[in-house]
Amino acid sequence: MKKRSIELRQQRAKLLEELKPLAEKPSLSDEERAAWSEKRANLVKVENDLTTAVEQEEVLAMEAASRGEVLSDQDKRDIRRYSLRKAILARADGRQLDGIELEMHQEAEKESKDLGFGSLRGIGMPSILRYAPMKRASTGQNIVTAADGGNLKQEEPLLFIEGLRNKLLLPGMGARFLTGLVGDLPISIGGTFTASWLAEDGEASATKMSFGKKTITPKRLQAVGALTYQLLKQSSIDVEAIVEREIIDALAQALQNAAINGSGVAPEPTGILQTGSIGSVAGGDNGLAPTWANMVTLETEVARDNALFDPQYAAYVTNAKVRGKLKSTYKNATYGEIPVWANGGGAGMGEINGYAAQVTNAVPSTLTKGSASGTCSAIIFGVWNQLFIGQWGGYDIIVDPYTLSDKGEVKVTMIGHHDIGVGHPQSFAAMVDALTV
């Protein structure tokens, strides 16, 4: 069923088209002014309805996902039948798609046009298949060499379903992965009412909630890889899985890098460290080794703005260099050698002052502060459900059998549309001049 947001977007486009001739006129007649007022009021209503519709659709999608209802039984059967390997091989051999691969391509084509992206240039993978994503095999991977793919050959099929979100560290910490988006997604930031004490005959001043809004918009993300013809000709589901997982890793890494430190310079999304108004903790003019006091101050920066409202999602994220430094840095250097970075609840998991601590080298370690050039690292403390990672539609997969034909390989390019957004910036604080050597 077509989403209501798509219909509202079409209504908005029509109203804008009707208003444009009136907007270009230096003056309006009484009749034109009445038409302007009516259409302008309709446009405002459609804009408000569109904002609500997008939010409603996302809430319903998230609620369905929490119940495990993201895919219907028919969808699951279609995924079992779908073979990305077959689709790529068909295009590499110059053949037309057929069967379920053609049906999925047609669905992706319709989805792309509904989103305003136009026709696809390659094989369409619709959003219904986002839970069975593609993986890139590095150049030279083949079925002959056991370690390069031969060990994966088997006759009995297996079902491989894996979500992009499972490849990211951040969604597991509470960051919200928003899929199935249509158009720009507004993120509302709520304000508060103000209460005051009054005398018996005092008059209360009217107050209203102040709402902010941020919008995440689709930005193109692209991954490129190569597959050998011999690998593509194998029908083992495990071969398909290894082809899929590599490209999804490439996309996930790009998303995670952008979520942490995206520059915000078009077309790159704006990451947490580049978001204005997050809390800041400075070590020193030329950087400083991180201390227990710095960690406490990071937490305080968030808490003092009343932004620690979902503490179950609060956690530290930094890189491996900082983790190593904090494991040998103690809360009190004079007695009781208790490291700042303590062991967490699982392998590789850490804990700082009762909060989970995670590591990804997407957190930069080459920052500059004063004379400390290219040697500073970042440490982030935040409430991670205030981080939004958006995905619009499915993927466009372009198959090029010519560029690497001398190596017996097929070049594959995968294009998707994503963006990153932070809800309440006050829910994050960072130290960006931590020295580890």
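**Labels and their cut-offs**

Mentor: Three aromatic pairs are counted here, a pair being two rings of Phe, Tyr or Trp (its six-membered ring) with centres within 6.5 Å. Planes under 30 degrees apart make a pair stacked, over 60 edge-to-face, and the rest tilted.
Trainee: Why is the pair of Tyr-355 and Phe-381 called edge-to-face?
Mentor: The ring centres of Tyr-355 and Phe-381 are 5.1 Å apart and the planes stand at 70°, so the pair is edge-to-face. Tyr-355 is in strand β10 (residues 355-359) and Phe-381 in strand β12, 26 residues apart, so the pair links distant parts of the chain. Strands (E, at least two residues) and helices (H or I, at least four) are DSSP runs, numbered from the N terminus.
Trainee: What is the geometry of the pair Trp-384 and Phe-428?
Mentor: Trp-384 and Phe-428 are edge-to-face, with 5.1 Å centre to centre and 80° between the planes. Trp-384 lies in the loop between β12 and β13 (387-400) and Phe-428 in strand β15, so this pair ties together parts 44 residues apart in sequence.
Trainee: Is Trp-384 buried or exposed, and what makes it so?
Mentor: Its relative accessibility is 0%, so Trp-384 counts as buried. Phe-428 is also at 0% and buried. Buried means under 20% relative accessible area, exposed over 50%, and partly exposed in between, with a 1.4 Å probe and protein chains only.
Trainee: Which residues make up the aromatic cluster?
Mentor: Tyr-316, Tyr-355 and Phe-381 form one cluster.

Trainee: What kind of model is this, and how are residues numbered?
Mentor: The model is predicted, so local features need pLDDT of at least 70 and side-chain atom pairs pLDDT 80 or more, while totals for chains, interfaces and linings use all residues. Residues are numbered from 1 along each chain as its sequence is written, and side-chain values use heavy atoms, with hydrogens and water left out.

Trainee: What makes strand β12 (residues 372-383) largely enclosed?
Mentor: Nine of its twelve residues are buried, so β12 is largely enclosed by the rest of the structure.
Trainee: How do you know which strands pair with β12?
Mentor: Two strands pair if DSSP finds at least two bridges between them. Strand β7 (residues 314-318) runs antiparallel to β12 and is joined to it by five bridges. Strand β15 (residues 428-435) is antiparallel to β12 too, with six bridges. Strand β11 (residues 367-369) pairs with β12 in the antiparallel sense over two bridges.
Trainee: Which residues stand opposite each other?
Mentor: Tyr-316 stands opposite Phe-381 in β12, Leu-367 has Cys-376 as its bridge partner, and Gly-382 has Phe-428 in β15.

Trainee: How many salt bridges does the rule give?
Mentor: The count comes to ten. Another one joins Lys-110 and Asp-114 at 3.0 Å, N to O.

Technical notes:
Salt bridge = Lys/Arg side-chain N within 4 Å of Asp/Glu carboxyl O.
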